[in-house]
Amino acid sequence: VKMKEIYDIAVIGAGPAGIAASCEAMILGMEKIIVFEKSSNHSDTIRKYFKDNKPVDKNWKGIDVEVIGNIRFDGGTKESTLDLFDDALEKHLIEARFHTEVAGVKKEDSFFIIETNTNETYKAKNIVVAIGKMGKPNKPEYDLPKTLKNVINFNISDCK
């Protein structure tokens with residue numbers, strides 16, 4: 001396994017949660033941050049499913065979400081939200097790999113080994129999985145271990 005460097009944190013998914021997590025990590029002092037996104041840009045769901053000038057809000061289907069942290073997401077239009085996230089990525093100098101789907105993650109000693117569909121391997125001390133889509137993360141096609149059933153949420157309303 002050939003890896004160029006060890007990242008402080010790897011974030012899988014470049015939607016609002018993934019971008020906020022990576023920016024917060026930088027603000028909290030992590031220096032080597034990488035974000036993986038299977039689409040061509042961040043916030044793919046907003047780009048595809050929101051009409052121009054459509055309001056984008058942190059609350060979803062009546063569920064009030066309290067935003068805690070430095071990346072303020074208090075609503076706006078599709079365009080202002082995308083601009084906010086563009087700025088956050090540029091301002092915090094976060095390395096992003098677009099068109100890159102994570103094919104697997106395994107724990108090896110105190111590190112996570114991330115394998116991608118581009119046949120590259122990365123090593124990180126920490127990992128954040130932010131693969132949600134409109135509050136419903138993409139469920140894998142394979143069965144999840146029973147020990148994870150109470151840890152993984154596939155709907156925002158299940159989060160406690």
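Glu95 counts as partly exposed, at 24% relative accessibility (buried means under 20% relative accessible area, exposed over 50%, partly exposed in between, with a 1.4 Å probe and protein chains only). The side chains of Arg97 and Glu95 meet in a salt bridge, at 2.7 Å from N to O. This is a predicted model, where local features need pLDDT of at least 70, side-chain atom pairs count only at pLDDT 80 or more, and totals for chains, interfaces and linings use all residues. Residues are numbered from 1 along each chain as its sequence is written, and side-chain values use heavy atoms, with hydrogens and water left out.

**Salt bridges**

- The whole structure holds six salt bridges (a side-chain nitrogen of Lys or Arg within 4 Å of a carboxyl oxygen of Asp or Glu).
- Side chains of opposite charge can pair when their charged atoms come close.
- Arg97, the partner of Glu95, is partly exposed at 25% relative accessibility.
- Glu5 and Lys32 form another salt bridge, at 3.7 Å from N to O. This pair links distant parts of the chain, 27 residues apart: Glu5 is in the segment before E1, and Lys32 is in the loop between H1 and E2.
- Glu5 is partly exposed at 32%, and Lys32 is partly exposed at 39%.
- Asp52 and Lys78 also meet in a salt bridge, at 3.5 Å from N to O. Asp52 sits in the loop between H2 and E3, Lys78 in helix H3, 26 residues apart.
- Asp52 is exposed, at 57% relative accessibility. Lys78 is buried, with a relative accessible area of 10%.

**Helix H3**

- H3 covers residues 78–91 (helices are DSSP runs of H or I with at least four residues, strands are runs of E with at least two, and both are numbered from the N terminus).
- H3 has 14 residues and reaches 20 Å from its first C-alpha to its last, close to the 20 Å expected at 1.5 Å a residue (the expected span is 1.5 Å times one less than the number of residues).
- Its buried residues are Lys78, Thr81, Leu82, Phe85, Ala88 and Leu89. Seen down the axis of H3, they fall within an arc of 120°, so they line one face of the helix (the arc is that of the directions from the helix axis to the C-beta atoms).
- An α-helix has 3.6 residues a turn, so residues three or four places apart point the same way.
- The face turned away from the buried side of H3 carries exposed Asp83, Glu90 and Lys91.
- Just after H3, Leu93 takes a positive phi of about 50°.

**Nonpolar cores**

- The largest nonpolar core has 17 residues (a core is a set of buried Ala, Val, Leu, Ile, Met, Phe, Trp, Tyr and Cys residues joined through side-chain atoms within 4.5 Å).
- Ile9, Ile19, Cys23, Ile33, Val35, Ile46 and Ile94 touch the most other members.
- E1, H1, E2 and H3 each supply at least two residues of this core. H3 gives the most, with four residues.
- Apart from this core lies another, of eight residues, among them Ala10, Ile34, Phe36 and Ile114.

**Paired strands**

- Strands E6 (102–108) and E7 (111–116) pair in the antiparallel sense over six bridges (two strands pair if DSSP finds at least two bridges between them).
- E6 and E7 form a hairpin with two residues between them, and Asp109 in the turn has a positive phi of about 60°.
- Phe112 in E7 is the bridge partner of Lys107. In E8, Ala124 is the bridge partner of Phe112.
- E7 and E8 (121–129) pair in the antiparallel sense over four bridges.
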